[in-house]
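Welcome! Take a moment to turn the model around on your screen, and then let us walk through it together.

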Amino acid sequence: VEEPEVEEPEVEEPEVEDAGSQKSNNFKTGVVVNCKRLNLRSSPVKENDENILTELDAATQVKVLDEKEEWYYVRVEKAPLEYTGYVMKKFIIIKRE
């Protein structure tokens with residue numbers, strides 16, 4: 001007895017949107033400006049130094065994943081690690097692609 005072929009339904013992956021409402025592979029690129037070092041924080045709060053993950057040097061490139069009020073949520077590679085966290089918008093300039 002032959003079993004009938006059953007077609008698997010196609011499942012679409014949800015599209016993740018970034019700060020510019022673009023597809024996930026089109027995140028904005030930003031650069032640290034107007035400071036020597038910028039704190040990368042685990043939460044968008046500047047009144048507390050306990051949330052500082054690392055410092056980013058001037059001219060460091062970041063990928064902007066999202067934005068919230070005066071903050072960008074970014075991903076940055078700082079060899080050999082990769083960090084995600086919050087930086088203040090006023091210290092990031094978005095590069096034109």
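Which residues touch the most other members of the largest nonpolar core? They are Leu38, Leu40, Leu56, Val74, Val87 and Ile92, out of the 17 residues in that core. Strands E2 (37-41), E4 (61-68), E5 (71-78) and E6 (81-88) each supply at least two residues of this core. A nonpolar core here is a set of buried Ala, Val, Leu, Ile, Met, Phe, Trp, Tyr and Cys residues joined through side-chain atoms within 4.5 Å. Buried means under 20% relative accessible area, exposed means over 50%, and partly exposed lies in between (1.4 Å probe, protein chains only). Strands (E, at least two residues) are DSSP runs, numbered from the N terminus. In soluble globular proteins, nonpolar side chains tend to be buried together.

A word on reading this model: it is predicted, so local features need pLDDT of at least 70 and side-chain atom pairs count only at pLDDT 80 or more, while totals for chains, interfaces and linings use all residues. Residues are numbered from 1 along each chain as its sequence is written, and side-chain values use heavy atoms, with hydrogens and water left out.

Now look at Val74. Leaving aside neighbours within four places in sequence, Val74 is in contact (heavy atoms within 4.5 Å) with residues including Leu40, Val62, Tyr83 and Val87. Tyr83 belongs to strand E6, and its own contacts beyond four places in sequence include Leu40, Leu53 and Val74. Between Tyr83 and Leu40 there are 8.4 Å from C-alpha to C-alpha, although they are 43 residues apart in sequence.

Next, find Arg41 in strand E2. Arg41 is buried yet has no salt bridge, and the nearest side chain of opposite charge, Asp49, is 4.1 Å away. A salt bridge needs a side-chain nitrogen of Lys or Arg within 4 Å of a carboxyl oxygen of Asp or Glu. For charge, Lys and Arg count as positive and Asp and Glu as negative, while His and the chain ends are not counted.

One joins Glu55 and Arg37, with the closest N and O atoms 3.9 Å apart. Glu55 lies in strand E3 (residues 52-57) and Arg37 in strand E2, so this pair ties together parts that are 18 residues apart in sequence. Arg37, Glu55 and Asp57 are linked in a network of salt bridges. Another salt bridge connects Glu67 and Lys89, at 2.6 Å between the closest N and O atoms. Because Glu67 is in strand E4 and Lys89 in the loop between E6 and strand E7 (92-94), the pair ties together parts 22 residues apart in sequence.

The structure also holds 1 aromatic pair. Tyr73 and Tyr86 form this tilted pair, 4.9 Å centre to centre with 50° between the planes. Rings of Phe, Tyr and Trp (its six-membered ring) pair if their centres lie within 6.5 Å; planes under 30 degrees apart count as stacked, over 60 as edge-to-face and the rest as tilted. Tyr73 is partly exposed at 28% relative accessibility, whereas Tyr86 is buried at 17%.

Finally, visit some loops. Most residues other than glycine have a negative phi, and most peptide bonds are trans. Asn34, in the loop between strand E1 (28-32) and E2, has a positive phi near 60°. A cis peptide bond, with omega about 0°, joins Ala79 and Pro80, and Pro80 sits in the loop between E5 and E6.

Notes: Helices (H or I, at least four residues) and strands (E, at least two) are DSSP runs, numbered from the N terminus.
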